[in-house]
Amino acid sequence: MGKDMTVNRRDVMTGLATGLATGLLLPAQGWATAGAADLTIGDMQVQTLSDGHLVLPRAMLFAGLEPAAVDQILQAKGIGAGPIEPPINVTLLRDANRVVLFDTGAGPSFQASAGRLLAALETAGLSPEEVTHVVFTHCHPDHLWGVLDDFDDPLFSNAEYLMGRVEWDYWFDPNTASTISEERASMAVGARRRMQIVAERSTRFEDGQEILPGIEAQASYGHTPGHMCFALRSSGESLLIGGDAIGNHHVSFAEPGWPIGTDQDTEQAAKSRLRLLDMLAHDQMRLIGAHLPQGGIGRVELLGSGFQFIPDAVN
Ligand SMILES: [Zn+2]
């Protein structure tokens, strides 16, 4: 409890400073992201760490959707007008031999409301040097840019970096910045620059590969060309680290077939999302979503013609 209080206070202070600097009020959701969630899968201890939150304009996230229909879904989740401010959850896995991070948060130079992973790690009793493996779901800024510190050096200096081969090849290609859409070009430049810095300590894996004991990579393309999820299995228990394959708890659960503006290939992303939601609901497999609420760990249930996310935190 004492620890949690410290996190809350620190996040609030940072959040207030950010709010003052940008002239924005600290959003209510920002407060809720401070708490971590945790569970065990066999001998793997899994928890999420808060990297802060994103601020996403509705016009970008819901481009092409009927605003009234979107509003109805958001209101049912208690989300009012203005930009969407989802949490950024980074997954930490520990067992007897390893300290594994899934993604690295947004780092110091993406959004003022993000980049808090280091403080969250500290609260979990870890220094970045103790991380043995960093596994990436994909190369978007809020998942990759935290790989470097303020001086552009690798933050997790003793870690091995693991990424799906398709994702690596796409973003490491110098032509991607000119072939990707204009609004995504800076993401491509930013991704490649960071990948170059960690390249020599990095390895690639394939769909279906067991990347570490009990951890299987599962292709879930669409959000990015090589997006990967990870299925954890141990002692009859299981969990899916879903990254951004199911990117929000509102529209993407209620209407999983609808296009989402942050998905690069909206059709392929919708197919991946539907397949995963069906699987998670049917198998009652736990899910960790990078931008799902209340720590991001929970279950998927059928609701009407869609689904709903039930965070562990409410049980
Ligand atoms: Zn993301």
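Strand E6 (residues 160-164) and strand E7 pair in the parallel sense over 4 bridges, where pairing requires that DSSP find at least two bridges between two strands. Met-163 has Arg-204 in E7 as its bridge partner. Helices (H or I, at least four residues) and strands (E, at least two) are DSSP runs, numbered from the N terminus. This is a predicted model, in which local features need pLDDT of at least 70 and side-chain atom pairs count only at pLDDT 80 or more, while totals for chains, interfaces and linings use all residues. Residues are numbered from 1 along each chain as its sequence is written, and side-chain values use heavy atoms, with hydrogens and water left out.

E6 and E7 belong to an open sheet of 7 strands in the order E1-E2-E3-E4-E5-E6-E7, with mixed pairing. Strand E1 (38-41) and strand E7 (202-205) are at the edges with a single partner strand each, so one side of each has no neighbour in the sheet. On average, neighbouring strands of this sheet are turned by 25° against each other, direction ignored. Helix H7 (residues 165-172) lies across E6 and E7 and runs at about 95° to E6. Axes are lines fitted to C-alpha atoms, for helices over the stretch in contact, and angles run from 0 to 180 degrees between N-to-C directions.

The largest nonpolar core has 32 residues; Leu-49, Leu-101, Leu-144, Phe-156, Tyr-161, Trp-171 and Met-195 touch the most other members. Such a core is a set of buried Ala, Val, Leu, Ile, Met, Phe, Trp, Tyr and Cys residues joined through side-chain atoms within 4.5 Å. Buried means under 20% relative accessible area, with a 1.4 Å probe and protein chains only. Helix H9 gives the most to this core, with 6 residues. A second, separate core of 23 residues includes Phe-230, Leu-232, Ile-288 and Ile-297.

The zinc ion has four protein donors, tabulated below. Donors are N, O and S atoms within 2.8 Å of the metal (3.2 Å for Na, K and Ca); water is not among the atoms, so sites may look incomplete.

| Donor residue | Donor atom | Distance range for the set |
|---|---|---|
| Asp-142 | OD | 2.1 to 2.2 Å |
| His-143 | NE2 | 2.1 to 2.2 Å |
| Asp-244 | OD | 2.1 to 2.2 Å |
| His-291 | NE2 | 2.1 to 2.2 Å |

The donor residues are spaced D-H-x100-D-x46-H in sequence. Asp-142 in helix H6 (residues 141-144) and His-291 in the loop between strand E12 (286-288) and strand E13 (297-303) are 149 residues apart. Both Asp-142 and His-291 are buried.

Technical notes. Contact = heavy atoms within 4.5 Å. Buried < 20%, exposed > 50% of the residue type's maximum accessible area, 1.4 Å probe, protein only.
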